[in-house]
Amino acid sequence: MHCANPASHGHEICDLSGEVKVKRRRKVICREHKDEVIKLVCKDCHKAVCQTCCVIYHRKCESVVTIESMMPTMKFLLRKNAEQLSKKIHRKHTIVQKAIKKISVIEKNKIAVESHFKSAVERAIANIKHKEKQLMNEVKDITDEQTKKLKADVKLEQIETQMYRQHCEFIDQALVSNCEMDLFDAYQAWESGAVELGDVRDTDTADTRRIDDIRFTPDTDNVQHNLDDLQLGEIEVTYQDQGTCLPSPVLVDTIDGRMADDEEKPYLCDATVLVVNGIHAAIVSDSENKCVKSLSTRTNLKCHSRLPLDDSPWGVTQLKENQVMVAVPDSSQTVTVEVTPDLVLPSTITTSKEYFSLAVLSPSSLAAGTTACIDILDMAGHVLRSVTAHNETLFTYPAYMCVNNKNNIIVSDLEKKSVTCVTSEGDVVWRYAPTGDTAPIPSGITTTSTGDILVAGKNNVVQLTETGDHGTDHQHIGYDPRGLFVDRHDTLYVCEESHIHEINFM
């Protein structure tokens, strides 16, 4: 009867009188062809099909494979996605905790400001009570509004965290079941982008400036002489985009740059990060071992690729989606490296000078730094012009450089202890050159999505604004950073001798 019923004829029958082994894999019957089990996937149509469907509907498709053959790839990608979701949960938890702490600080600031109000009022006469009330209401409105926004942010972060946990559980169940269709469903859910929730945020709320501090400045002398137009003081509001506080760094991962073929302890000078075929690969120059390295993770294993060079490489810059260009100053060369994410050397260009820093300006030109000089080169290595032609004392040792969103060149000079922004024609836009014993010695440099500039200093990372003003620096990183790179998600990658540190600023 069970087999004769069309709704259940595909079910498996077990003898319960003996020992029963429960199979984790389930067979899924094709809805159209009831006697066919779905075992194939059409990659062109992104659809799971049976053999008959494949013959009838997908014979013109170029890529039809078995679900079983896709299982290693699906498992790897799902595990990778679960790992990414776990990182996101950790980040969200950190954000929530900091927001909760901020709410507490705002409440304490409110109490402190109110105390200042009351101290000023006690030194005045009864006629100033009206002014006191106005100021009290003003600070209350500011703090209440900010607290309300932060509580809303906390709630949203908690909702997103819960959603990520649910997707993690979904992936874990699929991996535990080892069922083809469960894995395929989880894989399809991820590929469709259903896990990402970024578009549910209120962009107006996200762009709202956040209060960083509130101060009250007493004006007692003026109160005594101007009772008719009484002013107790001003409420000063400092917003995060005006303040001097770089968010705290959160170490997400540390990538070991050492390889079995290394003869010396690595010295990782510079880095960039590419996403090739869905795999994040950190491309770094190792001057001590005279090679370029690709550090990535595939099939849950650390996969490193090594490209030996004749001399020590230095600067690394992204040329195309899957290509980087590396400066080899001692050989007067720039090498173009293709990333697969393994490394392939398609071409080598000999230059007229020993360039050690590079930055791509356009598909047909790049900036290159050498001793006391910044040149603009074409892609064949020919000098088009010199940025420093009219100012030969502008740079001494431009070891690192990058290009900002206005296509200006930002140069970090180790000898002059300065950061200079110049146009490709050589005009100086701004210059950051602090003095004194505490002045940082800049090395690696990069820009963020907001236009800010991050400079590697002595045991810290210095933040500059888009106009070259000092924002702040974060002390106690625990090591001397060298090359810096910020990806599209504003994750900071820091070179430190033999390791790459992946950092998020919360």
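**Note on two antiparallel sheets**

1. Strand β13 (residues 333-339) is paired with β14 in the antiparallel sense, over 6 bridges. Strands here are DSSP runs of E with at least two residues, while helices are runs of H or I with at least four residues, and both are numbered from the N terminus. Two strands count as paired if DSSP finds at least two bridges between them. Within this pair, Gln 333 lies opposite Thr 350 in β14.

2. The model is predicted, so local features require pLDDT of at least 70 and side-chain atom pairs count only at pLDDT 80 or more, whereas totals for chains, interfaces and linings use all residues. Residues are numbered from 1 along each chain as its sequence is written, and side-chain values use heavy atoms, with hydrogens and water left out.

3. Strands β13 and β14 belong to an open sheet of 4 strands, ordered β11-β12-β13-β14, with antiparallel pairing. Its edges are β11 (316-320) and β14 (343-350), each of which pairs on one side only. From one strand to the next, the twist averages 30°; axes are lines fitted to C-alpha atoms (for helices over the stretch in contact), and angles run from 0 to 180 degrees between N-to-C directions.

4. Another open sheet has 4 strands in the order β15-β16-β17-β18, again with antiparallel pairing. Here β15 (357-362) and β18 (383-386) are the edge strands, each pairing on one side only. The twist in this sheet averages 25° from one strand to the next.

5. Strand β17 (residues 373-378) pairs with β18 in the antiparallel sense over 3 bridges. Leu 377 is placed opposite Val 383 in β18.
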